[in-house]
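Hello,

Here is the structure I promised to hand over. Please have a look, then read my notes below.

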Amino acid sequence: MEDQVWRLCRGHEVVGVLTLEAIDMFWTDCRFEPSTGWPALKPFIDASRAAWERKDQDAAIKADEAIYALGLELVPESGGEVIRDFLLRINGDAARFRY
């Protein structure tokens with residue numbers, strides 16, 4: 001079976017590549033490989049994770065809304081529908097998304 005792989009894109013720039021590892025109820029767990037667009041996205045991801053970790057729901061929601069406002073897309077490498085409406089978590093080389 002071929003791996004499911006998505007390119008995380010912001011416009012024409014590739015932020016990273018997500019390779020499916022498991023599906024956990026509502027979340028798709030992936031291995032994350034950063035690309036050229038990652039440095040611009042990382043502060044947004046870090047802010048979201050920090051807010052959720054300190055249980056500051058208002059800040060976490062604002063951080064997630066800021067990530068959503070960036071217009072990120074998950075583009076399947078094997079073709080198929082582009083995912084535009086999703087929640088994203090990245091921590092090191094682990095990523096998960098929910099759509």
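Helices H1 and H2 are roughly antiparallel to each other, because angles over 145 degrees count as such. H1 covers residues 38-53 and H2 covers residues 57-69; they pack at an angle of about 160°, with axes 8 Å apart. Axes here are lines fitted to C-alpha atoms over the stretch in contact, and angles run from 0 to 180 degrees between N-to-C directions. Helices (H or I, at least four residues) and strands (E, at least two) are DSSP runs, numbered from the N terminus.

In contact terms (heavy atoms within 4.5 Å), Phe44, Ile45, Ala47, Ser48, Ala51 and Trp52 in H1 meet Gln57, Ala59, Ala60, Ala63, Asp64, Ala66 and Ile67 in H2. Of these contact residues, 10 are nonpolar, two polar and one charged.

The model is predicted: local features need pLDDT of at least 70, side-chain atom pairs need 80 or more, and totals for chains, interfaces and linings use all residues. Residues are numbered from 1 along each chain as its sequence is written, and side-chain values use heavy atoms, without hydrogens or water.

Now the strands. Two strands pair if DSSP finds at least two bridges between them. E1 (residues 5-10) runs antiparallel to E2 (residues 13-24), joined by six bridges. Valine 5 sits opposite threonine 19 in E2. Two residues separate the strands in this hairpin, and glycine 11 has a positive phi near 65°.

E2 also pairs with E3 (residues 27-34), antiparallel, over eight bridges. Valine 17 has glutamate 33 in E3 as its bridge partner. This hairpin too has two residues between its strands, and methionine 25 in the turn has a positive phi of about 55°.

Best wishes

Terms used. Parallel < 35°, antiparallel > 145°, perpendicular 65-115°, else oblique. Nonpolar A, V, L, I, M, F, W, Y, C, P; charged D, E, K, R; others polar.
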